[in-house]
Amino acid sequence: MTSTLILLRHGESEWNAKNLFTGWVDVDLNEKGAAEAKRGGELLLENGLLPDVVHTSLLRRAIRTAQISLDVADRLWIETKRSWRLNERHYGALQGKDKAATLAEFGEEQFMIWRRSYDTPPPPIDDADEYANVDDPRYAVLPTEARPRTECLKDVLERFLPYWYDQIVPDLRARKVTLIAAHGNSLRALVKHLDGLSDEAVVGLNIPTGIPLVYELDDDLKSSQGGRYLDPEAAAASIEAVKNQGKK
Ligand SMILES: O=C(O)[C@@H](CO)OP(=O)(O)O
């Protein structure tokens with residue numbers, strides 16, 4: 001018997017389109033992103049994949065993507081859980097910076113280390129930075145020492161896994177079709193875990209926007225097949241675009 005898990009990265013955001021590092025900044029979807037979320041919902045419907053429960057981050061681009069796609073699939077009513085543990089990777093002092101300008105200033109090697117290395121975080125954000133989340137009520141439950149000021153992918157996996165085991169795995173064990181609407185890097189961390197990717201292999205992994213990635217997990221919550229995109233062609237094109245961000 002298998003459990004169905006669907007991963008959905010939010011559609012294009014206003015800052016994705018502007019080529020800015022986003023992280024924990026609560027940027028909304030743009031029109032294209034909303035259309036991608038709608039298409040995501042259509043793909044779920046066409047494939048008969050109707051979620052019983054949805055888990056999202058605390059960021060509106062993921063919340064909005066979940067709502068738009070679930071609305072299309074007529075599943076807006078399902079049980080919903082949210083956690084900061086599904087948030088995008090905190091991009092530290094790079095949040096709000098232009099990717100192309102950062103690449104030009106620091107060079108490709110450093111730029112790619114910050115974007116994709118497994119265990120090197122960008123410089124931490126200052127509490128006085130306009131994009132620090134110091135007084136943000138949604139993180140009020142987090143004591144100061146537990147609030148990220150920057151994160152590498154390893155940090156993201158470490159803060160994601162407690163939520164995975166405590167909140168998502170029980171839903172999968174209960175055979176609920178489970179949707180996770182989250183972010184490029186929080187989903188890279190989860191895919192690393194699910195696919196057993198090495199620290200080196202995950203560097204080359206990019207997640208497309210708005211295209212459901214479906215796993216059929218066995219009793220051990222493993223998948224011999226790996227995940228499959230419901231629209232592989234669109235996924236390949238979007239992966240290429242994500243990979244090349246900054247290089248223009
Ligand atoms: O800016 C970000 O937060 C992420 C996702 O949009 O970007 P990147 O793909 O460069 O890690």
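This is a predicted model: local features need pLDDT of at least 70, side-chain atom pairs count only at pLDDT 80 or more; totals for chains, interfaces and linings use all residues.
Q: Where is the place of arginine 175?
A: Most residues other than glycine have a negative phi. Arginine 175 has a positive phi, near 65 degrees. Its place is in the loop between α6 (153-173) and β4 (178-182).

Q: What does asparagine 19 count as, given its C-beta neighbours inside 10 Å?
A: Asparagine 19 lies in the loop between α1 (14-18) and α2. Its phi is positive, about 70 degrees, although asparagine 19 is not a glycine. A residue is buried with 20 or more neighbours, exposed with 12 or fewer, and partly exposed in between. Asparagine 19 has 17 C-beta neighbours inside 10 Å, so it counts as partly exposed.

Q: How many Å apart are the end C-alpha atoms of helix α2?
A: Helix α2 covers residues 31-46, which is 16 residues. At 1.5 Å a residue, α2 should span 22 Å. That agrees with the separation of its end C-alpha atoms, which is 23 Å.

Q: Which elements are included in what covers the buried residues of α2?
A: The buried residues of α2 are Gly33, Glu36, Ala37, Arg39, Gly40, Gly41, Leu43 and Leu44. What covers these residues includes β1 (3-9) and α3 (60-72).

Q: Which glycine just after α2 takes a positive phi?
A: Helix α2 is made up of residues 31-46. Just after α2 there is a residue with a positive phi of about 65 degrees, and it is glycine 48.

Q: How many nonpolar residues does the contact of α4 with α5 have?
A: In α4, Thr102, Leu103 and Phe106 meet Glu108, Gln110 and Phe111 in α5. By class, this contact has two polar residues, one charged residue and, as asked, nonpolar residues numbering three.

Q: How many charged residues does the shell around the ligand have?
A: The residues around the ligand are Asn16, Phe21, Thr22, Gly23, Glu88, Tyr91, Arg115, Gly184, Asn185, Val242 and Gln245. By class, three are nonpolar and six are polar. The number of charged residues in this shell is two.

How values were computed:
Residues are numbered from 1 along each chain as its sequence is written. A residue is near a molecule or strand if its C-beta atom, placed from the backbone, lies within 6 Å of it. Ala, Val, Leu, Ile, Met, Phe, Trp, Tyr, Cys and Pro count as nonpolar, Asp, Glu, Lys and Arg as charged, and the others, Gly among them, as polar. Helices (H or I, at least four residues) and strands (E, at least two) are DSSP runs, numbered from the N terminus. The expected span of a helix is 1.5 Å times one less than its number of residues. Two residues are in contact if their C-beta atoms, placed from the backbone, lie within 7 Å.
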